[in-house]
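This report describes a predicted model.

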There are 2 protein chains.
Amino acid sequence: MDADDKDVGQAVKVYKALGEPTRLKIALLLADGENNLCCSDIGGKLESVAGSTLSHHLKQLADCGLLNLRKDGTYIFYSVNRDMAQKYAPYLLK
Amino acid sequence: MDADDKDVGQAVKVYKALGEPTRLKIALLLADGENNLCCSDIGGKLESVAGSTLSHHLKQLADCGLLNLRKDGTYIFYSVNRDMAQKYAPYLLK
DNA sequence: ATCTAATTTCGATACATATAGAAATATAGG
DNA sequence: CCTATATTTCTATATGTATCGAAATTAGAT
């Protein structure tokens, strides 16, 4: 596996993460303004998504590098990594 | 469903199309240079993908608006729609 | 009309994944 | 320590999808 393949691998992860309605909405929420939102904030803005499901989606978005996260007590605040968004999916940004 | 939702719907389709290794490779092949390739050309550049599978992938890439296509006899030549790529996935472009 | 090549459609199968509820973990506060 | 809250992990299930081979379709060439 050379460098190109590796990059393709990451791009696939990014696009797979964004290619699902709930996750894309989460990404758009997080890209919108400078809001840093925690898991339950996001849950409040979506309709009827179980916490465990949300956690799974956030993990996928974070694992591909699309999200920055900051721990604060029991909370984890998420925001989009703008460099990644710029490179792979500027559609996310204003 | 309002205009925003509709746009999210298209974006999901685009990212879902790109979020699969074979399809992303196809998109990169088609974005690379001004090559217009037909289905069998693409098959020749990938390893062991059945024609029916290739057809399925190309349909998905075309249906979300990522590809331009030009029929010529029994051939169909594909290229990427650069406006779409610019908007959703500039990573595809040089 | 027949033949050949390109592509799509159909049917089946195996694998991936989105989802939820319940249990587990982590962390702050009393 | 105990409680409450935030988040994750576990387990199960239902749906989605990537893949192929075979059959069907399409369009040019002989």
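## Strand pairing in chain B

In this predicted model, strand β2 of chain B, residues 67-72, pairs with β3(B) in the antiparallel sense over six bridges. Within this pairing, L69(B) has Y78(B) of β3(B) as its bridge partner. The hairpin that β2(B) and β3(B) form has two residues between the strands, and G73(B) takes a positive phi near 65 degrees there.

Strand β3(B), which covers residues 75-80, is also joined to β1 of chain B, residues 37-38, by two bridges, and these two strands likewise run antiparallel.

## Overall fold of chain A

Chain A contains five helices and three strands, and along its sequence these elements follow the pattern α-α-β-α-α-β-β-α. The radius of gyration of chain A is 13 Å, close to the 12 Å that the globule rule gives for 94 residues, and chain A is therefore as compact as a globular protein of that length.

Taken along the principal axes, the C-alpha atoms of chain A fill a box of roughly 40 × 25 × 25 Å. Of the 94 residues in chain A, 28% are buried. Among the contacts in chain A between residues at least 6 apart in sequence, 52% join residues at least 24 apart.

## Contact between chains A and B

Chain A and chain B each bring residues to their contact, 16 from chain A and 16 from chain B. On the side of chain A that touches chain B, at least two residues each are supplied by α1 (3-18), α2 (21-31) and α5 (82-88) of chain A, and α1(A) gives the most, with six residues. By class, this side of chain A has 11 nonpolar, one polar and four charged residues.

## Surroundings of DNA strand D

DNA strand D is surrounded by 22 residues, of which the closest are C38(A), C39(A), S52(A), S55(A) and S52(B). The elements that give two or more residues to this surface are α3 (39-45), α4 (51-63) and β3 (75-80) of chain A, together with α4 (51-63) of chain B.

The largest share of the surface near DNA strand D comes from α4(A), with five residues. Divided by class, the residues of the surface near DNA strand D are seven nonpolar, 14 polar and one charged.

Definitions and conventions
Residues numbered from 1 in each chain as written. Chains lettered and ligands numbered in written order. Predicted model: local features only at pLDDT ≥ 70, side-chain atom pairs only at ≥ 80, totals over all residues. Contact = placed C-beta atoms within 7 Å. Helix = DSSP H or I, 4+ residues; strand = E, 2+ residues; numbered from the N terminus. Nonpolar A, V, L, I, M, F, W, Y, C, P; charged D, E, K, R; others polar. Near = placed C-beta within 6 Å. Rg over C-alpha atoms; globule rule 2.2 N^0.38 Å. Buried ≥ 20, exposed ≤ 12 C-beta atoms within 10 Å, placed from the backbone. Pairing = 2+ DSSP bridges.
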